[in-house]
Amino acid sequence: MSYYLDMIRCFTYIEEHLEERISVLELANHLGYSQYHFCRAFKSIQGISPGAYIRRRKMECASAALLSGQSVTAVAFTYGFLAGFTRAFQKECGMSPSEYYKRGKYIMKPEFKKMAAFSVIGYSLTSSETTLNLVQDGAFWQGKDFSAV
């Protein structure tokens with residue numbers, strides 16, 4: 001079984017339907033899995049449950065919409081939060097949506113700074129293939145102890 005390809009289909013489906021109500025059962029049926037098997041496969045790949053992933057993605061999109069100037073109420077309804085939006089947003093982002101909306105222009109301000117040169121210590125990951133698959137090859141970094149470096 002190719003969980004990798006199925007999860008790509010899953011993430012694509014989630015992104016295309018973020019402004020709708022998405023149930024875990026709906027996702028499982030879309031991929032042809034039982035709900036139980038889908039939840040286990042999803043969590044083994046993503047590290048969090050499908051429901052938590054969907055909530056996080058909705059909150060990421062909601063925060064971007066707030067920064068673009070949309071009202072808190074409009075954003076809540078757009079992403080399907082008929083109740084509990086403020087509490088869910090505060091849990092995910094650390095502040096209320098209205099505070100985020102008011103402080104939005106000050107939250108991220110990219111700037112370039114000149115700094116002295118520095119060195120980075122770590123492992124390098126090389127492959128005989130021309131491209132690395134970070135999903136498969138990323139497991140190289142898991143379980144490595146960098147405390148002695």
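Which residues of the largest nonpolar core touch the most other members?

1. They are Cys-10, Ile-14, Leu-27, Phe-38 and Phe-85, in a core of 30 residues. A nonpolar core is a set of buried Ala, Val, Leu, Ile, Met, Phe, Trp, Tyr and Cys residues joined through side-chain atoms within 4.5 Å. At least two core residues come from each of H1, H2 (24-31), H3 (35-46), H4 (50-67), H5 (72-78) and H6 (85-93). H4 gives the most, with seven residues.

2. This is a predicted model, in which local features need pLDDT of at least 70 and side-chain atom pairs count only at pLDDT 80 or more, while totals for chains, interfaces and linings use all residues. Residues are numbered from 1 along each chain as its sequence is written, and side-chain values use heavy atoms, with hydrogens and water left out.

3. The protein has eight helices and zero strands (DSSP runs numbered from the N terminus; helices are H or I, at least four residues, and strands E, at least two). Buried residues make up 26% of its 149 residues (buried: under 20% relative accessible area; exposed: over 50%; partly exposed: in between; 1.4 Å probe, protein chains only).

4. Beyond its neighbours within four places in sequence, Phe-85 is in contact (heavy atoms within 4.5 Å) with Met-59, Ala-62, Val-72, Val-75, Ala-76 and Pro-97. Of the contacts in the protein with a separation of 6 or more, 47% join residues 24 or more positions apart.

5. Tyr-4 lies in helix H1 (residues 3-16). Tyr-4 counts as partly exposed because its relative accessibility is 34%.
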